Amino acid sequence: ILSLMTERILVVDGAMGTMIQTYELGEKDYRGERFKDFAYDLKGNNDLLTITQPKIIADIHRGYLEAGCDIIETNTFNSTAISQSDYHLENLVYELNFEGAKLARKLCDEFTSLTPNQPRLVAGSLGPTNRTASLSPDVNNPGIRHISFEELVTAYTEQISALAAGGVDLFLIETVFDTLNCKAAIFAIDEFNKNRDQAIPVMISGTITDQSGRTLSGQTTEAFWISISHTKHLLSVGLNCALGGRQMRPFVETLANIAPIAVSVYPNAGLPNEFGQYDEGPAEFASIVEDFMQAGFINVIGGCCGTTPEHLKAVVEVAKRQKPRVPPKNEPLLRLSGLEPLIVTPLINFVNIGERTNVSGSRKFAKLIASNDLDSALKIAADQVENGAQAIDINLDEGMIDSVAMMKSFVNLLASEPDISRVPFMIDSSKWEVIEAGLKCLQGKGIVNSISLKEGEEAFKAQASRILQYGAAVVVMAFDEKGQ
């Protein structure tokens, strides 16, 4: 796949959801014969159509393949137990993903046999779920979450196992509106690939929700890239959905300037009109994305909401005339992120790390934590950032409290304050379980303080490997079994 990306611009398919809408399906169509007596409504569960209306899904896939697309996404955007719980179909997750992958695989193999010089690839679609791990669903309780990192990892593990069994060529983590959800998917894929002879590579596509240039969970485009750049076997990073190509252009340019790997983009067919429809026709859409190609921004192009096989056919034609982007070579600098990036260059003499949110560094903070006065403790964190801290150190190793639970609660609370969470967090503890609890709450790329060789080389390597999986940097203390 990497070789193909250097030869030409690859084309991903277009929309699935808005294509399904054109069939004007009713409740009976979604149910099919198998679910005709099911106790709950199923209309709107597009992923279920792989089982109840496989011909419709196959026809949509075939339309994009006939248009000349290189990569076809499985109809599994919402095929996790988390999303399927809305329809009481959690028990169907494995089947939805396996059948979705198998259907796309069969069609791609059929078209590859007709055009052996253009292999058609199956991308296993992993959507963001309908929950967010970084944001509270309750404005009156900013520290609460309705989904945990562990629950997301479990859900994604079930999904990717079935997609792999169905024969996908790659995983596509797409429409990322919360980078912590994405990091859970990355973690699950990394664990899954450990047990395979040949790893399944990954594409990641985020969503910038408006012209502020941020994801729904508040990250800038560059902070998003830094947060997911640790991903093993990463083929590309890109953007999709929410915006049309014209609105998306500056953020695609940002990614193109900083990502040392392939960049993908698949915009909507413009912005929806007052009826929720997309007015950008194939010629106009193709002209907009050709501008991305001419500017040298992209390696992979496709379409999202409102695009059709006709849109993608026009895109295929313009892609034939353009060359793929050549990724830049980045300097090996320390790149961290909260909601915003922090890049440690030689021009920075030192990095200010606020230590007042450390029970060992502030008696006042220690008393507030011991009395569970987290609102006042939050004020200390806010003051540090306002006074110039470029990162904040969080240490809650207090003998009289449950440090694991407190780390989770306090970091979640900090994450709810954009003025604080714009900077990276340093998770500081002498206890591994406390460090891990903190890392599971960070959507950005933070720092672990610290690990050492005090417990031996094997324990050190295990912890270092885990920190990499969570996408954090690390302070290594100069200790071994014999001391400093």
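These points describe the β-sheet of a predicted model and the helices around it.

1. The sheet is open and has 8 strands, paired in parallel. Their order across the sheet is E1-E8-E7-E6-E5-E4-E3-E2. As background, strands of a sheet pair through backbone hydrogen bonds, either parallel or antiparallel.

2. The edges are strand E1 (10–11) and strand E2 (71–73). Each has a single partner strand, so one side of each lacks a neighbour in the sheet.

3. Is strand E6 (residues 234–244) largely enclosed or left open, and why? Of its 11 residues, 10 are buried, so the rest of the structure largely encloses E6. Buried here means under 20% relative accessible area.

4. On one side, E6 pairs with strand E5 (residues 202–206); the two run parallel and are joined by 5 bridges. Within this pairing, serine 205 is opposite glycine 238 of E6. To get from E5 to E6, the chain passes through helix H10 (residues 221–228), making a right-handed β-α-β crossover.

5. E6 also pairs with strand E7 (residues 262–268), again in the parallel sense, over 6 bridges. Here glycine 244 has asparagine 268 in E7 as its bridge partner.

6. Helix H9 (residues 179–194) lies across strand E3 (121–126), strand E4 (170–176) and E5, and runs at about 170° to E4. Helix H12 (residues 282–294) packs on the sheet, where it touches E7 and strand E8 (300–301). The direction of H12 makes about 160° with that of E7.

Methods
Residues numbered from 1 in each chain as written. Predicted model: local features only at pLDDT ≥ 70, side-chain atom pairs only at ≥ 80, totals over all residues. Heavy atoms only, no water. Buried < 20%, exposed > 50% of the residue type's maximum accessible area, 1.4 Å probe, protein only. Helix = DSSP H or I, 4+ residues; strand = E, 2+ residues; numbered from the N terminus. Pairing = 2+ DSSP bridges. Right-handed = clockwise from strand over helix to strand, strands pointing away. Contact = heavy atoms within 4.5 Å. Axes fitted to C-alpha atoms, helices over the stretch in contact; angles between N-to-C directions.
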